[in-house]
Amino acid sequence: MDALDSRQKFSPTQDWDVTEQFLQASDPRHLEKKPGQRRRLWVGLGLLFTAAALTLLTGLLVWHFHLRSDVRVNRIYIGSMGISNKPFVAEYEDPSSSLFRSLADLVNKQLKLIYSENSVLARYVKGSTVQAFSEGDVDPDSVVAYYESEFELPAHQEASLNEAIQSLEPPAGSLQVQRGRLMLNPTNALTVRSVSSGERNSIEVHVRKSGRIDSPGFPDTSYPPSMSQKWRLRADRGHRIRLDFHTLILEDDCQNDFIKIYDSLAPIEPQLLTEQCGYPHGSLSFVSSGNVMLVMLVTNKEKNFPGFRAFYSQIPADDGECGGKLIEERGTFSSPLFPANYPPKSFCTWDIQVPKERFVKVLFKKFAVGKDTPGCLDDYVEINNQKLCGSELKTTMFTSQSNKMTIQFKSDPSHVSQGFTAEYEAFIPTNPCPGKFRCSNNMCINTTQHCDGFNDCGDNSDEFSCKCEAMQMECKNGLCKTKFWRCDGIDDCGDNSDEEGCVKCTDGEFSCRNGRCISKKLLCNNKDDCGDGSDESRCEKSLWLQCSDFTFRCRSGRCISKLNPECDGELDCEDGSDEADCQCGIPPFRSSRIIGGQVSREGEWPWQVSLHITGKGHTCGASVLNNRWLLTAAHCFPDEFAQASQWEAFLGLHVQGQTNEWTVTRKLKQVIVHEKFDHISFDNDIALIELDSNLILNQYIWPICLPSPTYDFPAGQEAWITGWGATVEGGASVKILQKAQVRIINSTVCKDLLENWVNDRMLCAGILTGGVDACQGDSGGPLAVTNPRGRIFVAGVVSWGEGCALRDKPGVYTRITEFRSWIKEHTGV
Ligand code: 4AZ
């Protein structure tokens, strides 16, 4: 089924079946004629055909202009109606109870009355059915009715119907029971909006005790095709519903399969909290404003995926309350229920007051509030009379001009986001950073972070006007960057000055990947002028080329010029093979010390695996390739630990020793160590692990993408390393999964730095100024690179290095592109 759309669902029922038969010259019924008769016969047949064609045309015109206007369509509108002076009773949850039925009758009568006042609605309404009641969220002595109204009308009247429905908005009135009669209260609330599928497949859940809902078939099979399933969740009065997704994996295209969550019991679009499809990023915890929530899963007939598992619970309504007076010298505050998505219809005010003669500064650590619209029309934070919205703040630091500061947060009734967390601090205006370095944006950082090569202030002000060291170049803007990044095609300075005056090729020339220089005029001219296709690899259209080390081989065996075309969201191969097998490499959360890294967030690296030697604990890292196979380093399996039975794999793990519902452990069925692994040179340091039973992939366990043999990871490109390895050389493993950002290092430079221990099956990455690196215990884990579409590919496996994080001693990784066919051969992946 396509996305919900009743325009297609209620199609005309008439079908015209015209069957004609034309006699063939060879048909035995054909009559043999003499030549004179034959000419007359042709003339006659011609006239007959002309007459028939004219009749058909006239018929079509009559049908189009007359009959077609009689084609009738059905439309269903869904609405809610507030009924005041009517306390909610438990029977209203049960559609078969007499109280439900009698209130439903009253609502129906009221709807008839409303529709009778509009000629279009009165003429075409077929009837209404009340679907459910819930407690009113503002007035406790009120009930909200959710209903569907069906209209049948000629197709050409659809616009009038929509207009008539719109005319009921803004809401015409809420219902009041007065002396047994339903009355319209002119100030509030008939909201008749949104088109439904006409599906009535609903599961009722009363969320008194916590529980879970699964999409049909989960976790054993994919969800069924062409389905629409609703779950109506209700909590006790005075509570909210909280829904936490454990797994959510649907088809990528929301036009096909999607899940919608509403802050109501009916699919009323202005109360839509979120729509999700694919493998969503960001927080997947949702909270209602009142005590009801609707979850709706719709699928079409193709491509079905695992689906979802979500845990529900009820939380006291005041758990979502926010704001207050903040009078300490420093503290934190955040949007309601952060890191869950904030509930709709929230309004919070924080009044910060610090001692006299001090000012206040507020630093937003995380910020995702509504859509980034001019004027912040839906959800926003207001600070210093400035409204903030969206997820990218130009500045994250705000300061007051007195000892007081007020911050407000508002969310509208629909589309929620994760919100924000902020820190505030009092400061002395004349000396804002005692004992610390003062950034231009008034942030204070440790003096050791000044001129350390990292942008600790967030505005680079700690890295300007520094004295560059011998191994560094000075950018035009005053930043110091390592000399190895000069002329690597990446703007490291931020003003491109590290890429200026690079005279490998002259100004009007293009530098080919194979080192040749060609005229820039030859770029994208549909001819392979470089001889390696690189002059045609970044063009709008890809070229079919003879296969080489610089081309991508489609499954058909033909090769294209485009650089790294796999899983980039564009179909390049005629057989679609560049976009096949792309259910990998998109972590659910996106947002830099391993050594010099920082703690990662749970679920940020869902392919990361911890390999334990039973009884000894964490020993190596690994990456998930699919639901059966892991990729790691061969050197993790020395002779004394070469048996699969000595090992255990921990998947979905974040903190060592803390397993939770997302953590899965597996025994190993087999370990395949590369047959040419050399334990002295660490050449071919790669191994594959087959698990003893298949995994169920979810938000916390997900494959990383494997690059094709010709995938290009250019020097200078940023990459991530992750692991529980030591954070100081010779140190112990750490508890929380760490991440750090490094860069791919040019192979020739690396061979120089590591005295020729590096060969072409190895790849170097690191930060040459030192301080950031993989280390003992990170071995086997991934060196991960993100493609332009946000998909993560494994470029390397942590293998070796001279010490850890030393200046000019990058880490060495097994170069995965060199082992792509070996992996395929052993695993089929
Ligand atoms: C190790 O012993 C190890 N600095 C891994 C990576 C590096 C060094 C040592 C790279 O597993």
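Predicted model: local features only at pLDDT ≥ 70, side-chain atom pairs only at ≥ 80, totals over all residues.
Residues are numbered from 1 along each chain as its sequence is written, and side-chain values use heavy atoms, with hydrogens and water left out.

**Figure 1. Overview of the chain.** Seven helices and 46 strands make up the assigned elements; these are DSSP runs numbered from the N terminus (helices H or I, at least four residues; strands E, at least two). Of 829 residues, 51% are buried, where buried means under 20% relative accessible area, exposed over 50%, and partly exposed in between (1.4 Å probe, protein chains only). The accessible surface is about 39,900 Å², 50% of it belonging to carbon and sulfur atoms; areas come from the Shrake-Rupley method with a 1.4 Å probe, and for residues only the protein chains shown count as cover.

**Figure 2. Salt bridge between glutamate 204 and arginine 232.** The N to O distance is 2.7 Å. A salt bridge is a side-chain nitrogen of Lys or Arg within 4 Å of a carboxyl oxygen of Asp or Glu, and the structure holds 28 of them. The pair links distant parts of the chain, 28 residues apart: glutamate 204 lies in strand 7 (residues 202-206) and arginine 232 in strand 9 (residues 228-234). Glutamate 204 is partly exposed at 41% relative accessible area, whereas arginine 232 is buried at 7%.

**Figure 3. Salt bridge between aspartate 683 and arginine 761.** The closest N and O atoms are 2.8 Å apart. Aspartate 683 sits in the loop between strand 39 (664-673) and strand 40 (687-691), and arginine 761, 78 residues apart from it, in the loop between helix 6 (747-753) and strand 43 (762-766).

**Figure 4. Network of salt bridges.** Arg72, Lys126, Glu150 and Glu152 are linked in this network.

Figure 5. Nitrogen atoms of the ligand lie 2.6 Å from a side-chain N or O atom of aspartate 773 and 2.8 Å from a backbone N or O atom of alanine 774. An oxygen atom of the ligand is 2.5 Å from a polar side-chain atom of serine 779. Taken alone, the ligand exposes 310 Å², of which the protein buries 84%.

Terms used. Polar contact = N/O pair within 3.5 Å; in protein donor to acceptor, adjacent residues only side chain to side chain.
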